[in-house]
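Here are my notes on this one, in the order I'd go through them with the viewer open. Have a look first, then read on.

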Amino acid sequence: MRARTALLHPGWVILAVSAWLASAANLPLWLVMRDLGLFGQMGGWLFALAFALMITACLAGIVSLLAWRWTLKPVLALLLLASAFGAHFMLAYHVLIDTSMINNALQTNTSEVRDLLSLRLAATLLLLGALPCTVVWRWPVDFGRWPRRSVHNLLQAVAALLALVLLVLVSFSPLASTMRNHKELRYLVNPLNAMYALGHLASQPLRRSSIALQPMGLDARAALVPGGRPPLLILVLGETGRSGNFGLNGYGRDTTPELMRQGVSSFRNVMACGTSTAASVPCMFSGLGRTAYEARKNNAEGLLDVIQRAGMAVLWVDNQSGCKGACDRVASVNTSNLSHPTLCSGGECYDGIMLEGLDQRIAALPAERRARGVVVVFHQMGSHGPAYYLRSPQAFKRFAPECTDNDLQNCDNASLVNAYDNSIAYTDHFLSSTINWLKTQQSAYDTAMLYVADHGESLGEKNLYLHGMPYLIAPDVQKRVPWITWLSRSYEVRTGATSSCLADTVDRPVTHDYYFHSVLGLLAIQSSVYRQELDVYSRCLSKGVESS
Ligand SMILES: [Zn+2]
């Protein structure tokens with residue numbers, strides 16, 4: 001009985017943890033609000049206090065419903081640790097946490113996690129997560145009997161809700177104007193941002209039927225090119241390519257000398273579908289375009305299904321964390337965990353690995369399909385951050401010194417850009433090597449290469465790092481991507497798209513919405529899903545191909 005006197009009501013634990021989360025774990029939010037000048041006057045401070053109390057009430061209300069003997073402490077521990085993680089990424093990289101960021105995080109593999117580990121992450125986890133967890137865990141709580149517990153939980157939740165409503169009412173006008181003028185703030189409210197995003201993702205199957213896969217391009221067929229050999233097209237799906245850091249696109253540094261010599265065409269004004277891999281890659285291959293892709297009710301087949309339906313052979317080679325559904329019904333191989341004396345180490349490989357043994361991989365595809373054409377997708381590791389320095393071999397470290405700290409803010413900006421530019425220099429070499437490999441295949445195929453990156457990157461501009469900002473407020477550098485085309489002489493003859501014709505069109509504004517239709521156009525695949533106005537090559541393609 002003596003111990004019982006020291007026991008505390010669960011409500012106090014909930015209130016304490018909620019207040020801690022609203023204050024300390026929301027440091028990124030408070031810093032951003034300070035930088036926006038929102039604490040300028042007395043009114044600003046009062047609003048901040050009301051806002052913190054709103055977050056506290058909201059969290060306390062949610063946790064109250066879970067305040068049972070076996071669930072309360074695990075739930076609180078989970079919230080504390082998740083918030084500590086969130087706070088670290090928001091502080092270190094200035095990312096915002098929304099549905100697409102959480103979707104990305106859920107699809108992260110172990111080598112990507114390794115790239116993100118740092119002393120600073122450990123310190124934040126310890127201070128904001130582990131220490132308060134220990135306190136909560138040791139806190140003696142009197143849960144009482146379950147009927148009383150249910151009543152108390154419900155009363156607490158109602159009280160929290162009332163407090164929230166009251167706070168919103170008294171601070172309605174500053175709250176409404178702040179949220180309208182600074183949309184990014186909602187993605188900074190820790191951990192409600194992550195909870196909302198997880199809920200949104202979890203409810204997706206309810207909003208979108210995943211069983212019924214909508215077929216696409218049932219009428220697709222490859223046009224017969226008179227006297228032509230079958231096409232062999234390599235689609236290089238770039239990772240984290242900043243259009244502006246390509247020498248080809250007018251960058252001050254010569255990051256792309258090899259491509260320059262190959263005589264490629266480079267579209268300079270291309271906007272991505274999303275600001276993350278998980279958003280952009282499925283969208284590019286969906287053929288729906290950004291608006292329709294985001295609003296889609298059903299999952300549908302995509303570009304590679306249409307190409308296969310036209311009778312061609314398709315192979316997806318992945319040197320990264322997977323194809324995010326874009327290669328679901330297609331032959332695929334992962335090269336990121338192969339072993340190779342110079343190209344692979346530490347559980348990952350440089351992109352050059354994708355060219356190793358490619359002849360045999362293509363030869364293993366069905367012969368009757370190869371006779372109609374071959375499409376190979378190379379999914380690059382590219383310039384995946386924040387460990388850019390890991391993405392280029394020693395021989396391509398043209399710009400020094402390099403930032404080698406995963407906490408990008410610990411590096412000076414010049415060394416960060418150096419590390420990034422070296423990864424572009426290696427991509428330049430990889431793309432040029434791909435072209436050289438294609439040149440060895442010209443006796444059997446008409447060959448071509450198209451390189452388009454999934455999204456760009458922030459390299460410290462406006463104090464932002466990495467990518468994945470909500471699309472509407474993301475800076476241009478996260479959305480502007482390179483789009484580079486190489487056509488062999490025989491491909492030029494086959495399509496009529498000469499490099500001089502393409503050179504006249506490289507400044508036109510283009511988006512990822514064009515990707516699907518441009519690939520179909522290059523392959524001369526005819527289908528009702530093809531839209532000529534979204535084919536960047538259409539102005540240069542000759543109309544002389546016949547139907548098979
Ligand atoms: Zn990506």
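1. Let's start inside, with strand β7. Keep in mind that this is a predicted model. Both faces of β7 are covered: Ala-313, Leu-315 and Val-317 are buried on one side, and Val-314, Trp-316 and Asp-318 are buried on the other. With six of its six residues (313-318) buried, β7 is largely enclosed by the rest of the structure.

2. What does β7 pair with? One partner is β11 (residues 374-379), in the parallel sense and over six bridges; there, Leu-315 has Val-376 as its bridge partner. Another partner is β8, again parallel, over four bridges, and in that strand Ser-332 stands opposite Trp-316.

3. Zooming out, these strands belong to an open sheet of seven, ordered β4-β15-β12-β3-β11-β7-β8, with mixed pairing. The edges are β4 (265-267) and β8 (331-334), each of which pairs on one side only. From one strand to the next, the twist averages 15°.

4. The β4 end is worth a click. β4 runs antiparallel to β15 (residues 483-487), and three bridges join the two. Phe-267 has Trp-483 of β15 as its bridge partner.

5. Next, what lies across the sheet? Helix α18 (residues 413-439) lies across β3 (231-238), β12 (446-453) and β15. Relative to β3, α18 runs at about 170°.

6. The buried residues of α8 are Asn-153, Gln-156, Ala-160 and Leu-167. These buried residues pack against α1 (10-23) and α3 (42-64).

7. If you're checking backbone geometry, there are two cis peptide bonds to look at. One joins Asn-190 and Pro-191, with omega about -10°; Pro-191 sits in the loop between α9 (172-181) and α10 (192-202). The other runs from Ala-400 to Pro-401, with omega near 0°, and Pro-401 lies in the loop between β11 and α18.

8. Lys-324 has phi near 55° and is found in the loop between β7 and β8. Is Lys-324 buried or exposed? It counts as buried because it has 23 C-beta neighbours inside 10 Å, where the cut-off is 20 or more. Leu-466 is not a glycine either, yet its phi is positive at about 60°. Leu-466 belongs to strand β14 (residues 465-466), and it is buried because 23 other C-beta atoms lie within 10 Å.

9. Finally, the whole chain. The protein has 22 helices and 17 strands, and its C-alpha atoms fill a box of roughly 95 × 50 × 45 Å along the principal axes. A compact globule of 548 residues would have a radius of gyration near 24 Å; the protein has 27 Å, so that agrees. Buried residues make up 46% of the 548. Of the contacts with a separation of 6 or more, 76% are between residues 24 or more positions apart.

Methods. Residues are numbered from 1 along each chain as its sequence is written. This is a predicted model: local features need pLDDT of at least 70, side-chain atom pairs count only at pLDDT 80 or more; totals for chains, interfaces and linings use all residues. Two strands pair if DSSP finds at least two bridges between them. Axes are lines fitted to C-alpha atoms, for helices over the stretch in contact, and angles run from 0 to 180 degrees between N-to-C directions. Two residues are in contact if their C-beta atoms, placed from the backbone, lie within 7 Å. A residue is buried if 20 or more other C-beta atoms lie within 10 Å of its own, exposed if 12 or fewer, and partly exposed in between; C-beta atoms are placed from the backbone. The radius of gyration is taken over C-alpha atoms; the globule rule is 2.2 Å times the number of residues to the power 0.38.
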